[in-house]
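Me: I am new to this structure and would like a short walk through it. Could we go one topic at a time?

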Amino acid sequence: MNIGQAAKVSGINAKLIRHYESIGIIPRAIRSEAGYRTYSETDVHILSFVKRSRNLGFSMKEIKKLVGLWRNKNRASSDVKSLAVKHIEEIEMKVLELQAMVKTLKHLAKTCHGDHRPDCPILENLES
């Protein structure tokens, strides 16, 4: 299939498909005699794998590792698990940071009068 068809089936736009190819996330596409990229069902399956990985928040570096592990049938599942566990820990840290941000912003919003006066604890906090 051509890049437009691969984009439609995988849910990844053509520009991203070319980018993923250029950085080695997916294998280089086979070219037709006219020079157009052609993609197999396997290529589209890899693209779908990449999209799902991105939706789970994996970085491109991690996705490249995951694709390599996924394609390597001799890999140990412990390699995949360790990558996922590390990612879970990073997400949990981000959640804690976001919760702290929400708590701070709620406090600042509560202490702001929100009226005609120019005094604003939100701005005062941001400038300090």
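Reply: Contact here means heavy atoms within 4.5 Å. Helices (H or I, at least four residues) and strands (E, at least two) are DSSP runs, numbered from the N terminus. This is a predicted model, in which local features need pLDDT of at least 70 and side-chain atom pairs count only at pLDDT 80 or more, while totals for chains, interfaces and linings use all residues. Residues are numbered from 1 along each chain as its sequence is written, and side-chain values use heavy atoms, with hydrogens and water left out.

Me: Which residues of α1 are buried?

Reply: They are Ile 3, Ala 6, Ala 7 and Ser 10. Buried means under 20% relative accessible area, exposed over 50%, and partly exposed in between (1.4 Å probe, protein chains only).

Me: Where do they sit, seen down the axis of α1?

Reply: The buried residues of α1 fall within an arc of 100°, so they line one face of the helix. The arc is that of the directions from the helix axis to the C-beta atoms. The face turned away from the buried side of α1 carries the exposed residues Lys 8 and Val 9.

Me: At what angle do α1 and α2 pack?

Reply: Helix α2 (residues 14-22) packs against α1 at an angle of about 100°, and their axes are 9 Å apart. Axes are lines fitted to C-alpha atoms, for helices over the stretch in contact, and angles run from 0 to 180 degrees between N-to-C directions. The two helices, α1 and α2, are therefore roughly perpendicular. Angles under 35 degrees count as roughly parallel, over 145 as roughly antiparallel, 65 to 115 as roughly perpendicular and the rest as oblique.

Me: Which residues make that contact?

Reply: Ile 3, Ala 6, Ala 7 and Ser 10 of α1 meet Ala 14, Ile 17 and Arg 18 of α2.

Me: How do the axes of α1 and α3 cross?

Reply: The axes of α1 (residues 3-10) and α3 (residues 41-55) cross at roughly 45° and come within 9 Å. That makes α1 oblique to α3. On the α1 side the contact involves Ala 6, Val 9 and Ser 10, and on the α3 side Val 44, Leu 47, Ser 48 and Lys 51.

Me: Changing topic, is His 87 buried or exposed?

Reply: His 87 counts as buried, because its relative accessibility is 7%. His 87 lies in helix α5 (residues 77-111). Leaving aside neighbours within four places in sequence, His 87 is in contact with Leu 56, Gly 57, Phe 58 and Glu 62.
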